[in-house]
2 protein chains.
Amino acid sequence: MPKAGKIPADHVFSRFFEPGSIAVIGSFKESFFGGYVIVKSLLKAGYKGKIFPINPAYREVHGLKVYPSLKEVPQEVDLAMVMINARSVAGMVRECARKGTRAMIVVSDGFAERDEEGARLQKQLLDIAGEEGIRIIGPNTAGVLNTANGFNPSAYDAGYYRIRKGPIAIGAMTGMTNPQAFAYPDLYFGMSKICDFGNKCDVDECDLLEYLAQDPDTGVISLYLESIRDGRRLIKIAKSVTKTKPVLVFKSGRTKEGARASASHTGAMAVNDRIFDGLCRQAGILRLQEFKDLFEIPKMFASQALPKGGRLGIVTITGAVGVVIIDEGARYGVSLTTLSGETKQALDEIYRGLGTMPVDIGPMMAAVKNPFEIYAEVVGAVAADCNVDMLFNVVWANPAEVIFNSYLKVYERIKERIQKPVATWIYGPSSEAAADMAKGIETMGFPVFASPEKCIQALGLAWAYKRYTVQGARYTE
Amino acid sequence: MPKAGKIPADHVFSRFFEPGSIAVIGSFKESFFGGYVIVKSLLKAGYKGKIFPINPAYREVHGLKVYPSLKEVPQEVDLAMVMINARSVAGMVRECARKGTRAMIVVSDGFAERDEEGARLQKQLLDIAGEEGIRIIGPNTAGVLNTANGFNPSAYDAGYYRIRKGPIAIGAMTGMTNPQAFAYPDLYFGMSKICDFGNKCDVDECDLLEYLAQDPDTGVISLYLESIRDGRRLIKIAKSVTKTKPVLVFKSGRTKEGARASASHTGAMAVNDRIFDGLCRQAGILRLQEFKDLFEIPKMFASQALPKGGRLGIVTITGAVGVVIIDEGARYGVSLTTLSGETKQALDEIYRGLGTMPVDIGPMMAAVKNPFEIYAEVVGAVAADCNVDMLFNVVWANPAEVIFNSYLKVYERIKERIQKPVATWIYGPSSEAAADMAKGIETMGFPVFASPEKCIQALGLAWAYKRYTVQGARYTE
């Protein structure tokens with residue numbers, strides 16, 4: 001393994017994330033898909049490497065010269081991205097080899113995900129690539145993205161081209177995590193890398209983990225898998241990665257029916273879910289529950305300190321939410337704390353009964369004189385309590401300005417004083433107000449989740465990861 | 001039991017949902033909470049009954065005369081809503097009785113949810129109410145709402161006062177389903193009734209179900225419960241209700257820890273979750289998975305026909321989603337269908353490989369000439385296939401106008417031709433475009449859900465309910 005923080009220049013994923021030049025081979029017709037979009041995305045994202053569009057039928061695209069064929073390009077080409085007919089791809093591998101190209105992203109579909117003939121083409125592609133020493137992402141992929149160098153060769157138009165830099169990396173056997181499929185501008189905590197493995201005929205999650213382990217821009221890794229190729233290698237690499245960076249996995253194809261569907265999606269062989277679960281526990285991989293967790297749960301790891309224990313403090317404006325999430329907490333070894341005598345007394349002095357967990361500020365809000373002033377004090381006291389390892393804060397999104405500002409005060413108070421993870425759920429009568437408030441709170445560095453259950457899942461997984469790293473213990477839900 | 005569609009005038013919930021007059025007893029200070037808000041909500045929601053604000057310290061509120069005490073009111077009062085100190089509530093019951101009042105909504109807190117002294121006050125309240133023949137909702141409740149007559153005595157200001165009429169009724173042991181806590185203007189399919197039982201010292205979910213069974217405005221009932229008081233009565237009433245109207249329940253306090261928290265929230269005794277599960281299966285009650293399901297899942301029942309079988313058709317622009325939701329489907333006896341030979345052939349003629357389930361239009365969209373024209377045809381063909389009982393449609397929210405309009409065409413086509421449930425998930429690079437498209441699709445009568453898993457849960461519960469009503473079978477997940 002290379003030293004931490006240093007990626008060897010010849011790592012397979014350096015070829016995909018940091019190419020000095022890219023050939024884009026396909027149609028350049030103005031459309032929402034294809035080479036036209038790839039070149040546009042690269043230019044608009046600020047990619048500084050050389051871009052060589054290849055197609056005999058075009059002269060120019062977005063001001064760049066289009067070469068009739070790869071061999072006309074006057075220099076070596078680091079990476080080729082192809083969107084040509086499946087039957088022509090293997091031949092293109094030979095052409096790429098002659099240009100010194102050692103990496104290809106095969107966007108083309110019609111391979112193992114389609115039928116037996118496609119599976120044959122995929123095998124042929126892999127064989128020839130092996131002979132030529134070329135590594136493949138795909139086929140049937142939406143490609144990759146690297147925010148560090150503006151390398152965004154997106155083939156589908158997302159309407160935006162730059163993504164905020166941040167510590168989250170996503171790898172998936174689907175294009176559903178590429179920019180055209182998810183509103184990354186809404187993901188405040190920012191991205192480092194995105195990779196769609198497509199049919200995953202060659203380069204896979206193990207290669208990606210190896211690279212991301214050393215990538216200084218990546219702090220947390222989210223994976224969508226339908227299958228794994230080499231369980232032993234995955235355990236070995238993941239074990240090493242999870243020592244310093246959390247790895248979250250959502251795996252579909254858990255049921256027999258799902259496995260069958262997976263085969264027709266990427267042509268992949270699925271793995272028994274119980275075996276996969278054991279693998280995750282050994283390697284410290286955290287399992288996600290649903291697709292959108294891929295984007296949601298990393299926010300916790302990207303922004304918050306890990307908890308020192310599983311003792312949960314709750315401040316809520318409604319008692320029911322406290323009850324709802326305690327059930328969820330039990331899954332993750334998270335349990336409702338008891339406030340220290342000191343905090344309890346301080347809160348009970350503010351309002352009778354306030355010093356009981358979950359701290360329900362509802363009755364107080366209707367009864368005290370400056371409810372929103374006192375609110376910041378209450379949250380601050382609970383967050384700072386020595387019996388509290390993590391905080392769940394429930395926020396009422398009322399459109400009134402006085403309320404909005406009061407919440408920002410609450411988070412300022414927490415930010416100054418504590419190093420504990422905080423998860424926030426916002427509810428209320430106006431979705432616009434809730435969205436504004438979520439943006440305000442995330443801008444201050446605190447993740448907001450879409451449901452109370454999601455808050456506790458995020459805190460629970462943070463605690464599971466902490467246990468794993470400290471005790472080397474297999475994590476348990 | 002009364003005849004279907006006819007609520008006996010003296011049903012306990014007629015007193016709460018259809019009072020001819022209401023006394024509002026509490027503070028009328030301008031604020032986001034209290035009597036000031038209740039009177040405002042009633043007036044703005046168009047309540048036509050008489051409103052009597054009661055407080056010796058005020059003369060007038062929102063143009064209405066404030067009476068110094070209940071006994072000064074020059075007529076009988078059907079319902080009293082009180083927000084006075086917990087210790088004064090029992091005395092107020094006597095006063096109400098003298099005014100002919102037979103129903104009280106006790107908003108005041110400080111009862112069994114607080115401490116032993118509060119539990120004693122609650123018992124006293126109940127005893128005196130029993131003596132006087134007065135029925136109680138609460139204490140510690142946010143109250144009720146009836147869209148049919150504009151009866152909206154909300155004590156917390158939601159910023160809006162009228163809710164769209166529709167078939168969904170919600171009853172909960174929390175104020176989290178009242179207007180100040182949820183953006184009802186976003187719930188396109190509309191509401192009939194809302195009730196927060198609060199500490200549920202008297203009137204409970206059985207009473208509500210009895211009323212809603214006969215309520216012509218209610219078509220589907222969503223309940224949040226932390227505890228039940230009388231399992232036998234609940235089974236008996238629910239069995240009768242679920243013959244014609246689906247009843248959905250989210251129950252918290254499932255774990256030991258949650259049960260403890262529940263006790264401190266509403267002072268309620270929790271019930272063993274396994275026993276509760278058996279009860280639901282006997283009575284045909286459908287269980288929900290998380291809090292927000294209370295609002296989400298009813299949309300399916302409020303708008304779609306019940307499926308005739310569990311054979312799922314999927315049209316998606318991404319293969320992965322097909323895989324993800326098949327796992328979820330397995331939980332609900334929903335399985336991926338195989339298209340009839342005729343449909344398969346028709347689709348394969350449009351694009352090679354298209355006639356395979358899940359129908360992945362991704363490759364086609366990039367390859368054919370008028371992808372969005374053909375798209376409506378494809379969805380229409382799948383929806384109409386005799387092997388398809390329910391449809392999951394995945395929509396790509398691209399801001400381009402041509403795409404937006406193409407989706408509306410798709411739903412027009414479905415609406416004309418089939419009577420099968422359809423669930424839609426929207427994804428894409430712009431949350432604004434997704435929200436606009438969701439609104440467009442829901443306006444056409446088709447529910448949109450926040451995740452692929454939620455779509456299949458809604459379809460699966462519809463199929464579970466259908467099986468229950470047809471076969472009298474206990475539903476199984």
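**How chain A meets chain B**

Okay, let's start with one contact: the side chains of A:Arg352 and B:Asp115 come together in a salt bridge, 2.6 Å from N to O. By salt bridge I mean a side-chain nitrogen of Lys or Arg within 4 Å of a carboxyl oxygen of Asp or Glu. Between chain A and chain B the count is two salt bridges.

Quick housekeeping: this is a predicted model, where local features need pLDDT of at least 70 and side-chain atom pairs count only at pLDDT 80 or more, while totals for chains, interfaces and linings use all residues. Residues are numbered from 1 along each chain as written, chains are lettered from A in the order written, and side-chain values use heavy atoms, with hydrogens and water left out.

So how do the copies sit?

Now the contact itself, meaning heavy atoms within 4.5 Å. Chain A puts in 64 residues and chain B 63. And 97% of chain A's interface residues are interface residues in chain B too, so the copies meet through the same surface.

Together they bury about 4900 Å², 60% of it on carbon and sulfur atoms; that's accessible area (1.4 Å probe) lost when the two parts are put together, summed over both.
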